[in-house]
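Please look through the sequence and the 3D structure shown here. A short report on selected local features comes after them.

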Amino acid sequence: IIDRNGFPRYTKTTITTRDALLKELKVIRERGYALDCEEREDGVMCIAAPIRDRHGKIVAAISISGPVHRFDKDRMGFLVECVMEEALAVARRLGWDD
């Protein structure tokens, strides 16, 4: 996909290089969730977490999005926790036993 489409820039914070993408993917794997900090659309932030099946394979994801001002420092921990808890709840219904 990257070779075919490249890295189109949508905002000033869009990831636009292969190295930057690989670095971000490493961070996502380490912390267990992804953030989109106005990378696709100015003023919009997202938090996403993977959902695993009973074998531990990632089969889906859950996310929340909203205006960036609603994702301030005081709420980020709470919002990340909510997304992670819901992802885990769905994964457990699919048989995942962390």
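The sections below cover a helix, its salt bridges, a loop residue, a backbone angle and a surface patch.

## Basis of the report

This is a predicted model, in which local features need pLDDT of at least 70 and side-chain atom pairs count only at pLDDT 80 or more, while totals for chains, interfaces and linings use all residues. Residues are numbered from 1 along each chain as its sequence is written, and side-chain values use heavy atoms, with hydrogens and water left out.

## Helix α2

Helix α2 covers residues 18-31, which makes 14 residues. Helices here are DSSP runs of H or I with at least four residues, strands are runs of E with at least two, and both are numbered from the N terminus. From its first C-alpha to its last, α2 reaches 20 Å, close to the expected 20 Å at 1.5 Å a residue. The expected span is 1.5 Å times one less than the number of residues in the helix.

After α2 comes Gly32, which has a positive phi, near 90°.

## Salt bridges

Side chains of opposite charge can pair when their charged atoms come close. A salt bridge is counted when a side-chain nitrogen of Lys or Arg is within 4 Å of a carboxyl oxygen of Asp or Glu. By this rule there are three salt bridges. One of them joins Asp3 and Arg18, with 2.8 Å between the closest N and O atoms. Asp3 lies in helix α1 (residues 2-5) and Arg18 in helix α2, so this pair ties together parts that are 15 residues apart in sequence. Asp3 is exposed, at 72% relative accessible area, whereas Arg18 is partly exposed at 42%. For these words the cut-offs are under 20% relative accessible area for buried, over 50% for exposed, and in between for partly exposed (1.4 Å probe, protein chains only).

Glu30 and Lys26 form a salt bridge at 4.0 Å, N to O. Both residues lie in helix α2, four residues apart, or about one turn of the helix. Glu30 is exposed at 60% relative accessibility, and Lys26 is exposed at 51%. Glu24 and Arg31 also meet in a salt bridge, at 3.6 Å from N to O. Glu24 counts as partly exposed, with a relative accessible area of 22%, and Arg31 is partly exposed at 28%.

## Thr14 in its loop

Is Thr14 buried or exposed? Thr14 is buried, with a relative accessible area of 10%. This residue is found in the loop between α1 and α2. Its side chain reaches the backbone nitrogen of Tyr10 at 3.1 Å and the backbone nitrogen of Thr11 at 2.8 Å.

Contact means heavy atoms within 4.5 Å. With neighbours within four places in sequence left aside, Thr14 is in contact with Pro8, Arg9 and Glu39.

## A positive phi at Glu38

Glu38 is not a glycine, although its phi is positive, at about 60°. The residue sits in the loop between β1 (34-37) and β2 (44-52). Glu38 is partly exposed, with 24% relative accessibility.

## A nonpolar surface patch

Which residues form a nonpolar patch on the surface? They are Val59, Val90 and Leu94, and together they have about 220 Å² of accessible area. Patches are made of residues with over 30% relative accessible area and no salt bridge; like charges are joined within 9 Å, and nonpolar side chains (Val, Leu, Ile, Met, Phe, Trp, Tyr) within 5 Å. Accessible areas come from the Shrake-Rupley method with a 1.4 Å probe, and for residues only the protein chains shown count as cover.

Val90 lies in helix α3 (residues 73-93). At 34% relative accessibility, this valine is partly exposed.

Methods. Polar contact = N/O pair within 3.5 Å; in protein donor to acceptor, adjacent residues only side chain to side chain.
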